[in-house]
Amino acid sequence: MAITEVFAGIAVADYPAALTWYERLVGRTADVHPNETEAMWQLRPGSWIYIASDQKRAGSSFVTVLVDDIDAFVAELSGRDIETGEIDTIPGAVKRVRIIDPDGNKIQFGQPLS
């Protein structure tokens with residue numbers, strides 16, 4: 001059996017506010033709205049993030065997304081009014097930045113160091 005897709009779910013309390021924030025984070029509207037409380041973005045073939053209204057679990061999600069240029073990505077986020085933490089480096093492994101969404105969910109972006 002081969003894994004062909006990954007869906008990383010993020011629980012949110014205020015779906016309309018979260019939808020607006022994640023549209024800014026991703027830089028576009030959602031690709032799929034399965035219903036009135038979920039939205040999905042395909043980041044690349046086989047890689048998706050989605051938000052779902054779930055007040056009990058909101059704020060406890062943690063997702064990591066890898067990018068090819070963390071410095072450029074952080075600059076793009078700044079232009080979309082998304083506040084980020086400082087970029088740090090795990091020597092020999094990855095440069096990374098952490099973002100906290102309005103519910104307290106943690107989204108980490110990393111650039112592998114080759």
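Is phenylalanine 73 buried or exposed at 15% relative accessibility? Phenylalanine 73 counts as buried; buried means under 20% relative accessible area, exposed over 50%, and partly exposed in between, with a 1.4 Å probe and protein chains only.

Before the tour, some ground rules. This is a predicted model, in which local features need pLDDT of at least 70 and side-chain atom pairs count only at pLDDT 80 or more, while totals for chains, interfaces and linings use all residues. Residues are numbered from 1 along each chain as its sequence is written, and side-chain values use heavy atoms, with hydrogens and water left out.

**Stop 1: the sheet**

Select β1, β2, β3 and β4. These 4 strands form an open sheet, ordered β1-β4-β3-β2, with mixed pairing. β1 (6-12) and β2 (32-35) stand at the edges; each has a single partner strand, so one side of each is left without a neighbour in the sheet. Neighbouring strands are turned by 25° against each other on average, direction ignored. Strands (E, at least two residues) and helices (H or I, at least four) are DSSP runs, numbered from the N terminus. Two strands pair if DSSP finds at least two bridges between them.

Now zoom in on β2 and β3 (residues 38-44). They run antiparallel and are joined by 2 bridges. Pick asparagine 35: its bridge partner in β3 is glutamate 38.

Contact means heavy atoms within 4.5 Å. Axes are lines fitted to C-alpha atoms, for helices over the stretch in contact, and angles run from 0 to 180 degrees between N-to-C directions.

**Stop 2: aromatic rings**

Show the Phe, Tyr and Trp side chains. The structure holds 5 aromatic pairs. Rings (for Trp, the six-membered one) pair if their centres lie within 6.5 Å; planes under 30 degrees apart count as stacked, over 60 as edge-to-face and the rest as tilted.

Start with tyrosine 22 and tryptophan 41. This pair is tilted, at 6.3 Å centre to centre with 35° between the planes. Tyrosine 22 sits in helix α1 and tryptophan 41 in strand β3, so the pair links distant parts of the chain, 19 residues apart. Tyrosine 22 is buried, with a relative accessible area of 0%. Tryptophan 41 is buried too, with a value of 0%.

Move to phenylalanine 73 and phenylalanine 109. Their ring centres are 4.5 Å apart and their planes stand at 45°, so this pair is tilted. Phenylalanine 73 belongs to helix α2 (residues 70-79) and phenylalanine 109 to strand β8 (residues 106-112), 36 residues apart. Phenylalanine 109 counts as buried at 5% relative accessibility.

Then select Phe7, Trp48 and Tyr50, which form one aromatic cluster.

**Stop 3: serine 61**

Go to the loop between β4 and β5 (62-66), where serine 61 is found. Serine 61 is buried, with a relative accessible area of 13%. Which backbone atom does the side chain of serine 61 reach at 3.0 Å? The nitrogen of alanine 11. Not counting residues up to four places away in sequence, serine 61 touches Gly9, Ile10, Ala11, Asn105 and Lys106.

**Stop 4: isoleucine 100**

Finish on strand β7 (residues 94-100), which holds isoleucine 100. Isoleucine 100 is partly exposed, with a relative accessible area of 47%. Leaving aside neighbours within four places in sequence, isoleucine 100 is in contact with Trp21, Asn105 and Lys106. Draw a C-alpha to C-alpha line from isoleucine 100 to glycine 59: they are 9.0 Å apart in space and 41 residues apart in sequence.

Note on methods
A polar contact is a pair of N or O atoms within 3.5 Å; within protein, one must be able to donate a hydrogen and the other to accept it, and residues adjacent in sequence count only if both atoms are side-chain atoms.
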